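Hi,

Here is the structure I promised to pass on to you. Have a look at it first, and then read my notes below.

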Amino acid sequence: QTLVKDLYRNTENYIDQQVRISGWIRTIRDSKTFGFIEINDGSFFKGVQIVFDDSLENYKEIAKLPISSSLKVEGDFIYTPQAKQPFEIKATNIEIAGTSNVDYPLQKKRHTFEYLRTIAHLRPRTNTFAAVFRVRSLAAYAIHRFFQENGFVYVHSPIITGSDTEGAGEMFRVTTLDMDNLPKNEQGQTDNTQDFFGKETNLTVSGQLSAEAFALAFRNVYTFGPTFRAENSNTARHAAEFWMIEPEVAFAELPDIMDLAEEMVKYVIGYVLENAPEEMTFFNSFVEKGLLDRLQNAHNAQFARVTYTEAIELLKQSGENFAYPVEWGLDLQTEHERYLCEKVFKKPVFVTDYPKEIKAFYMRLNEDHKTVAATDLLVPGIGELIGGSQREEREDVLAAKIKELNMNEDDYWWYLELRKYGGTKHSGYGLGFERLIMYLTGMTNIRDVIPFPRTPGNAEF
Ligand code: 4AD
Ligand code: MG
């Protein structure tokens, strides 16, 4: 079996050789006695041209095949270095592996991304989505490589959890109870002790709390898995199911994990530029003009760093007419985030030290008692790509915070114990993997960078 990728990468090895290729017809045309097929075998962004003629006993049958039929081709490799296509295959035998129907929806014309979402099972066969999902795979591998090469231990945090890490109440309930006949306790509330786990459980919104437990044993750890949020925000950047990478580092303070995040983002950019050149050039031509420049700039730049308080000043002075108000104490909206990285700094920027009221309970309280040691990394085209913080390692401060927020203290006893037994300073962040893929490809809707998107009202595939 020959892979088309290898034909392109090691062309000269195939001169005068016989090859065997299996794949799907992208285009087919024929005259009376000979024809051309472009076949894509999935190993490479481009296909290979097959020449076939009526010396094949099934010539007529092949010539009639609709696109997307699958074939097994044997043939001679013809080297044509002067031609536009540097090689082609002269078929000596073609076996029809699977015929396609003439109503195959992906005909030659260009389709909108909206339409392709309605045929998400077929869209990986298009150029754009083939490129997106190859880059997605490579970026995942690059992230594992980055952390493994730097001595991080990969931790599998649970999917079903009993706590709400972000405290935002945006969780999907996991239950075996019959929702029509819920058991009630004496107060008339649902009796969760009768549920499978004996308590209320949810799909995880973040693996961070588990990662902290492991960081306090291994020092450097990361998670990489699916996370779930029942945010009812129907935006181009939010999915109900998305993948998150969460490194957590013991003895690290906020600037240490900002350095780590910067190094990681640059590593992944470098990796995909090097390992998916055809795909990245395609995005640069057809999805976002200037993509390669934008990524090269980020790769070579030093990311900017400003405090939230400075960022608010910059936004106030901008003279821009923002839709949402800019006021110390209010959270930054996407339009503000994008203004900062696209107009002010023109590169990725870390914003640090947010007001404690708008951030999660576990973030370390700063000396001013007003802000926390938090950071968001904002990138052009996206806004927030990463959210992270130094964690509150002081048991009394953390316990007081959990009380103050009326959180269910029973759910966090083990998390507090981490502070009790050799708890030390530690910090980490979460990177939204789909947002990273959007950043790397120029795709503007999160639904188009995850194979089968889960968003409000949409779990079709
Ligand atoms: O800022 P977030 O909520 O931070 C956390 O979950 C922390 N526990 C991370 C940590 O410190 N270990 O989420 C982290 C990132 C965001 O910056 C964003 O990129 C992504 O996750 N994200 C989403 N991506 C897609 N759809 C959603 N609904 C997302 N919510 C967050
Ligand atoms: Mg965040």
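Let me start with a pair in the sheet: phenylalanine 350 stands opposite leucine 377 in S14. Please keep in mind that this is a predicted model. The two strands concerned, S13 (residues 349-355) and S14 (residues 371-379), run antiparallel and are joined by six bridges. In general, strands of a sheet pair through backbone hydrogen bonds, either parallel or antiparallel.

The sheet itself is open, with eight strands in the order S6-S10-S11-S16-S15-S14-S13-S12 and mixed pairing. At its edges are strand S6 (153-154) and strand S12 (304-307), each of which pairs on one side only.

Ligand 1 sits in the second largest pocket. Of the 24 residues around ligand 1, the ones that come nearest are Glu166, Gln208, Glu231, Glu246 and Glu384. The shell divides into eight nonpolar, eight polar and eight charged residues. Strands S11 (241-250), S15 (383-390) and S16 (426-432) each supply at least two residues of that shell, and S15 gives the largest share, five residues.

Here are some polar contacts to look at:

- A nitrogen atom of ligand 1 is 2.6 Å from an N or O atom in the glutamate 166 side chain.
- Tyrosine 362 has a polar side-chain atom 3.4 Å from a nitrogen atom of ligand 1.
- Glycine 387 places a backbone N or O atom 3.4 Å from an oxygen atom of ligand 1.

On its own, ligand 1 has 620 Å² of accessible area, and the protein covers 93% of that.

Best wishes

Note on methods: Residues numbered from 1 in each chain as written. Chains lettered and ligands numbered in written order. Predicted model: local features only at pLDDT ≥ 70, side-chain atom pairs only at ≥ 80, totals over all residues. Heavy atoms only, no water. Near = heavy atom within 4 Å. Polar contact = N/O pair within 3.5 Å; in protein donor to acceptor, adjacent residues only side chain to side chain. Areas by Shrake-Rupley, 256 points an atom, 1.4 Å probe, with all protein chains shown as cover. 1 Å grid on protein atoms, 1.4 Å probe; cavity = no way out; pocket = protein on both sides within 12 Å on 5 of 7 lines; lining within 4 Å. Sits in = over half its atoms within 2 Å of the grid points. Helix = DSSP H or I, 4+ residues; strand = E, 2+ residues; numbered from the N terminus. Nonpolar A, V, L, I, M, F, W, Y, C, P; charged D, E, K, R; others polar. Pairing = 2+ DSSP bridges.
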